[in-house]
Structure formats: structure tokens, C-alpha cells
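Work through the exercises below with the sequence and the 3D structure open. Each task is followed by a stepwise solution.

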Amino acid sequence: MLRTRLPLSLCHIPQRNHPIIPSLLSNSPPHPRPPTVCKNASSTTEQQFDPSFTKPKQPPISAYIHLPFCRKRCHYCDFPIVALGSSSSQVGYDNDPRISNYIQLLIREIKATKFELDIQPPLETVFFGGGTPSLVSPYLIASVLDVLKFKFGLSNEPEISIEMDPGTFDDIRLRETLELGVNRVSLGVQSFQEELLQVCGRAHGLKEVYEAIEMVSSCEGLKNWSLDLISSLPHQTEKMWEESLKCTVDAGPTHVSVYDLQVEQGTKFEQLYTPGVFPLPTDVQSADFYKMASKTLTEAGYNHYEISSYAKDAYQCKHNMMYWQNKSFFGFGLGSASYTNGIRFSRPKRLKEYVEWVQKLEVGTVSYGTSDVKVKDMAMDVVMLSLRTARGLHLKEFGKEFGWQLASKLREAFRPFVDRGLVVPLDQDRRVLSRDEFELGKGERTYFIRLSDPDGFLLSNELISVAFGVISP
């Protein structure tokens, strides 16, 4: 069954789409695992790879900034957050020492970060995730952007995104945030039903949802904004989901993220509900919700470019595409994950341990883990991330990188799923191949393999597991 969100450890990757993740292949927080040089591969699995293979190291051109502050913890949330409690106004937290002290700690971490490669190009994307970043004063956001500019530089036209929740900002705060250079807003709506917002423990209601949509959609100079929805919520009906999708289309965002609820360990939902058992939907109902979202949003002109992501032309999230393309990135802040110098690693999720971690970073005693990464792990990362996207897995590039024999085995493993319409083979011009063309010349015309939408995406876990079985039998 589909898990649309990367376990936050990658992209609040479900989750929402960023990185608070330690392992891509686990069901834990948002995103990562390692690539680099494979030395002395000794297992039978590793013997199918070239033991001298070296993954070229790329300097990061993206940064994820975790701002963990929320008014309260939502009932489905297992992210590392700091619950601030209620306040009478959106600006009620601007002088909160918990926020200002954290920002100073975050800035210390950024300043203490060392370049792993000789060349560090300027950042092309920055993503402020959380938590609820819109609770943080624009002048504090500015201080983080200033140190990023000083340390790494920003490209001429960077994508700078920030997550904002209804009820946490007004017109003035929104304009002040955009004046900093922020040019993309991700609005955490989640549902258009008051009763479902209450069930989720959200700090905002439907009135705040419509007020936030009006402010964001009418804000001069803001063309790029996304709206988040969650499906498979307790007591959610098909009619409710249809209404939420219609309201989303009517709101007119340039991007929509649709996440399937995951009942995570340690959350209130885990105490209250059992997956697949009422009031949670069955797997069949969850699949119907997913198919409805794909159909509704596609017909409304959105491109379904990644399992949980839809965008109007030219409005794909550049930051999240960096994850799906398996590129290096910086992560900064509590619980965030980085992928640099071929190594994926995460910061502590508890504030006290994070403080100690930053102190060790400043004196040079932080261990990032090993760079002795197995080639099969690199190959699995490429397959898993690629198959989440509409572009799919580029078999020719995969063959050049990891060996033509393995690429051929993958193609053969997916053959039964091509027959069932779950996997789609494409030629170099991205034209769908017929069954005969797929078989011709032992697949020499097959350049790409992608999962079909929506049926293949719905079985993404199972189909990716098939590939993993080939790579690591």
C-alpha cells in the first residue's frame, strides 16, 4: 500500500517533503542514506558490482532549515518539534526566548559547518520547514538567510520556500517574509472540514484556512504557492475528500501536496487508532482517495510529477526535486538530515542533545559516519527515489553507473508488471513502448521505466521491493 510521505527523518518528507531523515529505506523520519566509494566488497551481492566504483561527489546546492516551533503537537505528528502553547495573536511569539535562543544555535551550526569539497557553488534552493516556520519572526528568518548568504552564497534566482500554517500570520507578516527574498509558500491546510481539523488536533479552524488562502492567493508578488492536504484521516468520507479536492482546485495554488496519513509510533493517533480499522479507512478506501486525487488534480491542469506532488507547468518544487534526483544537500537544525560528501547523517531529535551536538561541531569532534558505503546501497537509493517520480528510472544512466547486467536484470524483473499496466517502459523520447517494442532487442529501446499513475504509484512499495530483491538478493 502506498506511503506517500517519506518518513521524516527526508523529506518532513512526509512527513512532508523535507529531510529530517536518517534512512531512506526505513519507515522513520525524512530522508537519507549513503553513497561514495565501495571498498573491498566481499559479499556475493557486492560481487555483481565493480569494486573500484566511485560515486562522483557533488557539492550541495540546497539547504533545509528546520524551525521546530508549533503552537501544539498535532495528533498525527512525530516530527521533532517544540510546542509553544497558545497565544492571543500571530506575533505573540516574536519575543519568545525559546525561539531566539534556537535561532542563535542554528546560526552557530551553519557557521561551524565545513566544506567537504574544494568548490562550493551558491545555494539554489532553501527550504524553511518545521514545525511551523511562520511562527518565527521575519527578522529572525532574515538572520538565518544572512548567514547562509555569507557562508555559501545564493544563486541569482534561488527558490526560497517557507511553510506557513493558517492562523499564524497576517498580511503584514506575509509581506515582510516575502521582502526577505522568500518566493514560495507552502500552506498547511490539511483538510477543508472543521470536524477533521479538530480530529487531527490542528491549531487552526476552517475560518483561518480561508483567511490564509485569501492572503496568500492575493498577495502581490507571490506567484508560487503550494497547498497541503492529508487523506485517509479518521472519519474521513469520500464526500469529504471530494470536497477538499474541489476547494483546493478552486483556491488555485500552483502546487498541491497530497499525503496519505501514516499512523506513527508515539503519536496520539497510535494510541487511538489501528490502521485499516474504522474510523480509519480500509486500504481499498485509501486507494480510492488516492485515485480520486490523481484524477481530480490532473483534470484541473496539475502535473502529477511525484507520488505525492502535483504542480502546474513550471511550478515543480525545485527543492524537493533535488531529493528525488538523489543530489547532495545540507540540513540544519533539530533532527534534520544532510547528504554531503556521499554520507547521509542526522542531527539529534532532542533539543538538549542537539545543543551538545552543535558544541561538538564547533570544536571539530562530530562524527558524520563512514564513507565506506556499499554500491548496492547507492543503487537502491537511485531506484527508490527515481520510481517515486513521473520521470522514472533512467535505465541507460543506471546501467552506465552500476552495470549493464544489473540494469538488464531490473528490466526483466519488471516485465510481469509491464503486462499488468503497473510499470511503463519509455524510449529515449519518452514515448510509451508497446509490448513488442519492449521485448525487441532485449530491451535496447527501453530508456526509462516509470510506475503508472495511479495504479503503479499505489503499489510503489511493492514494486520498489522487487527492484531491491534484484539489487540485493
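**Exercise 1.** Locate D165 and decide whether D165 is buried or exposed.

Step 1. D165 sits in the loop that links β5 (154-164) to α3 (171-179); helices (H or I, at least four residues) and strands (E, at least two) are DSSP runs, numbered from the N terminus.

Step 2. This is a predicted model, in which local features need pLDDT of at least 70, side-chain atom pairs count only at pLDDT 80 or more, and totals for chains, interfaces and linings use all residues. Residues are numbered from 1 along each chain as its sequence is written, and side-chain values use heavy atoms, with hydrogens and water left out.

Step 3. D165 counts as buried because its relative accessibility is 11%; buried means under 20% relative accessible area, exposed over 50%, partly exposed in between (1.4 Å probe, protein chains only).

**Exercise 2.** List what D165 touches, not counting residues up to four places away in sequence.

Step 1. With contact taken as heavy atoms within 4.5 Å, the list is T132, S134, G188 and R202.

Step 2. The side chains of D165 and T132 also form a polar contact of 3.4 Å (a pair of N or O atoms within 3.5 Å, one able to donate a hydrogen and the other to accept it).
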